[in-house]
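Please look at the sequence and the model before reading on.

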Amino acid sequence: MTDSELPSQPHTFALWREVQDTRVRTRLGGIYYLLAWLLTWLFSSAPLDMLGSGLLGSAFFALMLALRLVHQPPAQTSSACLQLWIDRHWYLIYITSLSWGLAHAWALQDVQFEPSRLIATLSTIAFSTAMAFNFSMRKERCMSAILLLYLPGLAVLMMQREEQQALLVTLAFYLSYLLLALSRSHREYRNTLTMEQQLIEQRERYDLLSRTDSLTQLGNRLQFNGLFTALVANVQRHGGQLSLVLLDIDFFKRINDEYGHSTGDQCLHAFAERMRVVFRRDSDALLRLGGEEFGVLMMDTPLEQARELAEEFRGNLASQGLEIQGQALPMTTSIGVGSFDARRDGNAEAFFKRVDDALYLAKAEGRDRLVLAGLD
Ligand SMILES: Nc1nc2c(ncn2[C@@H]2O[C@H](COP(=O)(O)OP(=O)(O)OP(=O)(O)O)[C@@H](O)[C@H]2O)c(=O)[nH]1
């Protein structure tokens, strides 16, 4: 998934990240529960006497492992879908934790598990430690899972506290450490997430800046190049109508020479503002291609419609000029307009050249006019 495909809403991004992290961390967990059960059962004093319950336990933990593996994250990245996946996955984690907690309690109680009791206790410690460090995205849920792992065993040890006092106290102490470690791990997870979100936002801001012309706040040449190629590829593949309007201010050098560069800058800004008034559809992409040359990419717009709008723009500008510092400054623009034609334009470059040639013709024929591309 590329950066631009990542969910942009902070809440949805946090859920998406949590899904990815949960998915990566949950895979191994399932294998170790199965392994721990197999060792506890097979190293008990009489595994064959417990064949039924041994196999049943193995089948159960194998099923939990399979469910974890087949529970694929949603293809959609809506927050509702992501939240649902997380909730369901936590059910699997709870069920596995409680089942292991009960298996440990059984091992502590049943004499047949005497030789493998240590395996079960060490596994409980390992699972709860892994839980505290790997699933700290949700503090309360993680705490509940640790308690499900721990409490059945502690309850048995409480009942046997005469003989098991040392183990009971040690496990209780370790549990308190785990809850503290979980708090710290949760804080660190949130901090890392915030940093990651800030980084993405910063990158998006820089990306936008690098594609924006600072004088007019229109998209710049870089933006045009990417957008134009993508839109042409899109109409080539799916059809539709894409029009391009190229505008070049007439004799702009004279404005600079006569009124100064700063007034020239204000003219460019005012020109862009005027473009925003006329080409106002959300799907119109307004760009400054460089110097005093501008472009409008009009999606789903037939040639005639693009021509009408461009002509309206040219006429308004010629009759009203631009208002700079309360003064009307005469100004005209030459315009080339064209629509992508799959038979005539092999690629984006050819299409651009056709419209640029029309603009050149508008200049050559005396300026302040609009020429349609490729009607020769
Ligand atoms: N103020 C200002 N001037 C700019 C900017 N970018 C380009 N120019 C000026 O725009 C002028 C363009 O001049 P030319 O290419 O000769 O074009 P023109 O004078 O508009 O003449 P025609 O296009 O042939 O009608 C140059 O004087 C550039 O210095 C800018 O960002 N600000």
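**Basis.** This is a predicted model: local features need pLDDT of at least 70, side-chain atom pairs count only at pLDDT 80 or more, and totals for chains, interfaces and linings use all residues. Residues are numbered from 1 along each chain as its sequence is written.

**Whole chain.** The protein chain holds 11 helices and 7 strands. Helices (H or I, at least four residues) and strands (E, at least two) are DSSP runs, numbered from the N terminus. Of the 376 residues, 34% are buried. A residue is buried if 20 or more other C-beta atoms lie within 10 Å of its own, exposed if 12 or fewer, and partly exposed in between, with C-beta atoms placed from the backbone. Among contacts with a separation of 6 or more, 69% join residues 24 or more positions apart. Two residues are in contact if their C-beta atoms, placed from the backbone, lie within 7 Å.

**Annotated spans.** The unreviewed UniProt entry carries the annotation "transmembrane region" for residues 26–44, 50–70, 91–109, 115–135, 142–159 and 165–182. UniProt positions are given in the numbering used here, feature names are shortened, and annotations may be inferred rather than shown by experiment. Two of these spans are set out below.

| Span | Helix | Strand | End C-alpha atoms apart |
|---|---|---|---|
| Residues 26–44 | 89% helix | 0% strand | 28 Å |
| Residues 91–109 | 100% helix | 0% strand | 27 Å |

In what order do the strands of the open sheet run? The order is 2-3-1-6-7, with 5 strands and mixed pairing. Strand 2 and strand 7 (370–372) stand at the edges with a single partner strand each, so one side of each has no neighbour in the sheet. The twist averages 20 degrees from one strand to the next. Two strands pair if DSSP finds at least two bridges between them.

Two helices pack on this sheet. Helix 9 (residues 261–278) touches strand 1, strand 2 and strand 3, and its direction makes about 160 degrees with that of strand 2. Helix 11 (residues 348–364) touches strand 1, strand 6 (333–339) and strand 7, and its direction makes about 150 degrees with that of strand 6. Axes are lines fitted to C-alpha atoms, for helices over the stretch in contact, and angles run from 0 to 180 degrees between N-to-C directions.

**Strand 3 and its partners.** Strand 3 (residues 293–299) has 5 of its 7 residues buried, so the rest of the structure largely encloses it. Strand 1 (residues 242–249) pairs with strand 3 in the antiparallel sense over 7 bridges. Here Leu-244 stands opposite Leu-297. Strand 2 (residues 284–290) also runs antiparallel to strand 3, joined by 6 bridges. Across that pairing, Ala-285 faces Leu-297, Asp-284 faces Met-298, and Gly-290 has Glu-293 as its bridge partner. Strands 2 and 3 form a hairpin with 2 residues between them. Gly-291 in the turn has a positive phi of about 45 degrees.

**Around the ligand.** Which residues come nearest to the ligand? Of the 16 residues around it, they are Asp-250, Phe-252, Lys-253, Gly-264 and Gly-291. A residue counts as near if its C-beta atom, placed from the backbone, lies within 6 Å. Strand 1, helix 8 (252–259) and helix 9 each supply at least two residues of the shell. Helix 9 gives the most, with 4 residues. The shell divides into 5 nonpolar, 4 polar and 7 charged residues. Ala, Val, Leu, Ile, Met, Phe, Trp, Tyr, Cys and Pro count as nonpolar, Asp, Glu, Lys and Arg as charged, and the others, Gly among them, as polar.

Leu-55 lies in helix 2 (residues 51–70). Leu-55 counts as exposed because it has 11 C-beta neighbours inside 10 Å. Its C-alpha atom is 9.1 Å from that of Trp-41, 14 residues away along the chain. Glu-304 sits in helix 10 (residues 303–320). Glu-304 has 12 C-beta neighbours inside 10 Å, so it also counts as exposed. Glu-304 and Ser-339 are 35 residues apart in sequence and 9.1 Å apart, C-alpha to C-alpha.
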